[in-house]
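This briefing covers helix packing and nonpolar cores. Please look over the sequence and the model before reading on.

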Amino acid sequence: MTAPYPLEGDLGEILVTAEQIKTRVDELGAQIADDMAGKTPLLVGVLKGSVIFVSDLMRSIHGPVDIDFMAVSSYGNSTESSGVVKIIKDLDASIEGRDVILCEDIIDSGLTMQYLYEHLSNQSPASLRTCSLLVREGRTDPAVSVDYVGFELPPAFVIGYGLDAKHKYRNLPYIGTYTGD
Ligand code: PRP
């Protein structure tokens, strides 16, 4: 697939094509709709990376669905999670009694998901599940299991479909390796 705009040598290999993403997101949406039959799941997206995934995922759920977003920042080096998460935008409304699905674009160390899972589980949701488009292969810290996984990825820095490098490339339709500095 050709690049949709000049990438200045920052794109290496395309790991997941736009077609593969659409097929898998549709499968996840169908699975969620099935699992949540008779309920209205609340998708909680973690800004900013999950925004494209969540907007596609909600459209692939053929049934009632609601969304909300949180924004967090981890202290320390921006390319490595420090494990300390600061909430900079919390949910707009209470999740008490709601069927919540916490949605990430990528689970790398798993520390962000672990922190947010604990934060939300303390707010009395009826149920709390986890979903991530991408999960690192060989993750050895299953403190939080991931109920809905899009793809497992090798340990490379990836961009596209919501994921950025230095605030660029979130709008690429595919996921590829970043070969910039
Ligand atoms: C990414 C991703 C997750 C987190 C995963 O966010 O969206 O929130 O890192 O890392 P972890 O599993 O090691 O905790 P990032 O900090 O890049 O912010 P962004 O979504 O705004 O790009």
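**Nonpolar cores**

In the largest nonpolar core, which has 25 residues, the members that touch the most others are Phe53, Leu57, Ile101, Leu133, Leu134 and Ile175. A nonpolar core is a set of buried Ala, Val, Leu, Ile, Met, Phe, Trp, Tyr and Cys residues joined through side-chain atoms within 4.5 Å, and buried means under 20% relative accessible area (1.4 Å probe, protein chains only). The model is predicted, so local features need pLDDT of at least 70 and side-chain atom pairs count only at pLDDT 80 or more, while totals for chains, interfaces and linings use all residues. Residues are numbered from 1 along each chain as its sequence is written, and side-chain values use heavy atoms, without hydrogens and water.

- At least two residues of this core come from each of H1, H2, strand E5 (99-107), strand E6 (127-136) and strand E7 (148-153); helices (H or I, at least four residues) and strands (E, at least two) are DSSP runs numbered from the N terminus.
- H1 gives the most to this core, four residues.
- A second, separate core has 18 residues, among them Leu42, Val46, Ile107 and Val135.

**Helices H1 and H2**

- The axes of H1 (residues 18-35) and H2 (residues 51-60) come within 8 Å and cross at roughly 55 degrees; axes are lines fitted to C-alpha atoms, for helices over the stretch in contact, and angles run from 0 to 180 degrees between N-to-C directions.
- The contact (heavy atoms within 4.5 Å) involves Val25, Asp26, Leu28, Gly29, Ala30 and Ile32 of H1, with Phe53, Asp56, Leu57 and Ser60 of H2.

Key. Buried < 20%, exposed > 50% of the residue type's maximum accessible area, 1.4 Å probe, protein only.
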